[in-house]
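Subject: Structure handover

Hello,

Here is the structure for your files. Please look through it before reading the notes below.

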Amino acid sequence: MIKNYFLIAFRNLSKNKAFSFINITGLAIGMAAGLLIIQYVAFELSYDNFHVKKDRVFRVSQDRYDRGKLSTQWAGGAFAAGNAFKNNFPEVEDYVKLVDAGPILAVNNDKRLTLQKTYFAGQSFFNIFSYPLISGDPKTALKDVFSAVITESGAKKLFGTVNAVGKTFKYDVQLLKVTGVIKDFPANTHFRCDLLISYSTLLKFAGPKNDLDNAWLNDGCLTYLLLKPGVNPKVLEAKFVPFVNKVYAKLNWSGAGAKYHLQPLESIHLQSHLMIEAEPNGDGKSVYLLAGIAIFVIIIAWINYINLATARGISRAKEVGVRKTLGSNKSQLLSQFMLEAMLLNGLAILLAIVLIIVFLPIFSAISGQYITLTLLLKPVFWIAVICLFLVGSFFSGFYPAIVLSNFKPVEVMKGKLSASPRGILLRKIMVVFQFAASIFLLIGSLTVYRQVLFMEKQKLGINIDQTLVIKQPLAHVDSFYRSMSAFKNESLRNAAVKSVTVSTSIPGEPVQWNAGGIKLTGTDQSTGKQYRIIGGDYDYLKAYGAKLVAGRLFSKDFSTDPHAVVFNRKAVQQIGFDKPEQAIGKQIDFWGQVYTIVGVVDNYHQQSLHDAYDALIFRCIPDVRGNVSVKVSTANLPQTIATLRSNWKTFFPGDQFDYFFLDQHFNEQYHADRQFGAVFAAFTGIGIFVACLGLFGLVSYTIVQRTKEIGIRKVLGASVSGILQLLYADFARLVLIAFVVSAPLAWYAGNKWLETYAFRIGINWSLFVIPFIAVIIVAFATVSYLSIKAALMNPVKSLKTE
């Protein structure tokens, strides 16, 4: 019997080639798109799920308060938090501290290696995390002062072998000993680095007087807690509040306060966007939205099958009538039609896998995820394939099978069968859903595109064009100030170099120097507030073209400028002045030292338009260490870069000349937004294409059913344009209803997504009208070929069809 079912199914597929092609192609494209997005979403959701103790590991994030008002939110908080929580709360089994050490230059005899990401790490690092250690003892690798754990690739580059345990290298003037080699960090973790240096080394550098390990007012320490089994993190988090309040009450420092939260390890990548994140994190909303797109595209493909199968049902009515007359029961017919659906879904799955293999490199490029054909070996991929096949076969086959098996043989054999009004209504509802989903996706895609374009084109308030940034020199020199001054002077002799400036921060990056307790001199300590501090030389603000609104900028003509500061407008307002001019000449207390406000500059975008303006204070530090910003002429740029490289090697002989262009670097902040927009647009296009493919098939069957009607209308004098209008009207109404359904949903979703940006576009009528017109044009173009062909058909031939 089953063999007979298969033979009939194959016969039907081969007999109706156009129907089979549209259905299989539509299903395959929808499934391929869905499977690719599922892999993308699965990867994003897999971050840090490989840690053995992941369910018990939590990061301690910190909210800083000024006089009860939230001022900053940190991924890393006070240095004292880890040991204080461990010592005072029995629920905490262990903890580890991680402190960013910045890029360092590792020197092994004549080999030099710049390690961009290095951290001081506590001894319990390998007890809490499951990053595999190739060699070394995980219990003691980060115990001793001046010990370090290097990555596998770093060991090969620096020592020429992974067998590096026991070897030493220089870090500045200090000798570090390799006590472990760790496998390179995987892509799906929120924390990655090139080198781990023992936390005890940091304490050694800080000295016992500073008591850094027990400091509650020093921020920037990433702390992770390992809770004991069965501990409720929310209950423990609530216990932190009175404990921390007592600590800050004793400190009584400028109205400062803090609240600590426990972030589940696996949630960090998609849910956390705080200051000093270890890595740029993903966007949970975007990931879930893409998952929704995958579901939409797959459902659109299934709807195609249902629509076409039921629309084509009338042409198979006689087959059903004959079968029932000869004794077939309903269950046998159901089995037959469900088997056909399974066969068609199976062929679609095979074609989908072929499409995935062909288009995988393109998808990898668009999404930014390096996905290879090893994807086909992953269990999650085949689980998704099997689920799609089973669910798709059931949902796309069940309704058509019920409809077809319910045909009454008497009516069929008498030729009285016509399309059910309920069936027609259901098909129209499904077409409306398809186009509502398509319009929704198109509005969303256009919103994302315009927001990204707005951010990239928006004026920043400073000039970052033609700015070459040389990364901070790391090698030890006898006098950094003398070497940097010589480099500046020699470089400025080149007419193509307009300015050279050094700073602790550059535009496009978060300001890491956060200072609390800053207040006007003579005011109460409780008035102190937090500010972001940028230290730069005399030329920093002039080089970047910061707009002066009051006072003056730093200048070598004023010997007191190392004790002067410049505020931005936001900082002036925060410290209590209504107008910038009121701040000029006033003095501030900055951690016990007095500085005079000599100028006020306009607000500018230090980072992307995701973020609001920060309250910034600029310090004049003539011997500041940091990245070097060089304004250059675009004329003969290769020669200018060669001259700068030569000067760098002369004055910083131990350092690499590592540079980038700031405008490109700044726009890299929008890389994730652009990728999201590209993926969104690509799969929106696929969804619309699949919907149109189904519409083409549905129109073809609609016209076949109305062939006699068209012939009669032509005989009675109807024009071609009148017949076209008749055929277009039905589908135009469906698209209009789809727009009415989708527009409010798209408006709501678009507003929610745009709320994540401090500076954003407004949602206007064009975001809705353009997608609507586009879908109308595409739908009409899809309908037109068959409609015009039917309208031009000879009525004599049309009337002969029955």
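Residues are numbered from 1 along each chain as its sequence is written, and side-chain values use heavy atoms, with hydrogens and water left out.

Confidence. The average pLDDT (the predictor's confidence in each residue, from 0 to 100) of the protein chain is 85, and 88% of the residues score at least 70. Residues 412-417 fall below 50, and this stretch has eleven contacts (heavy atoms within 4.5 Å) in the model beyond near neighbours in sequence. Where pLDDT is low, the predicted coordinates should not be read in detail.

Salt bridges. The whole structure has 16 salt bridges, each defined as a side-chain nitrogen of Lys or Arg within 4 Å of a carboxyl oxygen of Asp or Glu. Helices (H or I, at least four residues) and strands (E, at least two) are DSSP runs, numbered from the N terminus. Buried means under 20% relative accessible area, exposed over 50%, and partly exposed in between (1.4 Å probe, protein chains only).

- Asp213 pairs with Lys97, with the closest N and O atoms 2.6 Å apart. Asp213 sits in the loop between α6 (199-206) and β12 (221-227), and Lys97 in strand β3 (residues 92-100), so the pair links distant parts of the chain, 116 residues apart. Both Asp213 and Lys97 are buried.
- Lys117 and Glu279 meet through their side chains at 2.4 Å, N to O. Lys117 is partly exposed at 32% relative accessibility, whereas Glu279 is buried at 8%.
- Lys471 and Asp658 form a salt bridge with the closest N and O atoms 3.6 Å apart. The pair links the loop between β14 (467-470) and α15 (480-492), which holds Lys471, to the loop between α19 (637-651) and β24 (659-661), which holds Asp658; the two residues are 187 residues apart. Lys471 is partly exposed at 29%, and Asp658 is partly exposed at 26%.
- Salt bridges that share partners join Lys117, Arg192 and Glu279 into one network.

Buried residues. Ser198, in strand β11 (residues 195-198), is buried at 0% relative accessibility. A polar atom of the Ser198 side chain lies 2.7 Å from the backbone oxygen of Asp144. Beyond four places in sequence, the contacts of Ser198 include Phe120, Leu142 and Phe146. Val572, in helix α17 (residues 569-575), is buried at 2%. Its contacts beyond four places in sequence include Phe567, Pro580 and Val600.

Helix α22. The buried residues of helix α22 (residues 707-715) are Thr707, Ile710 and Gly711. They fall within an arc of 100° (from the directions from the helix axis to the C-beta atoms), so they line one face of the helix. Just after α22, Gly717 has a positive phi of about 105°.

Cysteines. The count of disulfides (cysteine sulfur atoms paired within 2.5 Å) is zero. Cys221 is buried at 0% relative accessibility, and Cys620 is buried at 2%.

Regards

Technical notes. Predicted model: local features only at pLDDT ≥ 70, side-chain atom pairs only at ≥ 80, totals over all residues. Polar contact = N/O pair within 3.5 Å; in protein donor to acceptor, adjacent residues only side chain to side chain.
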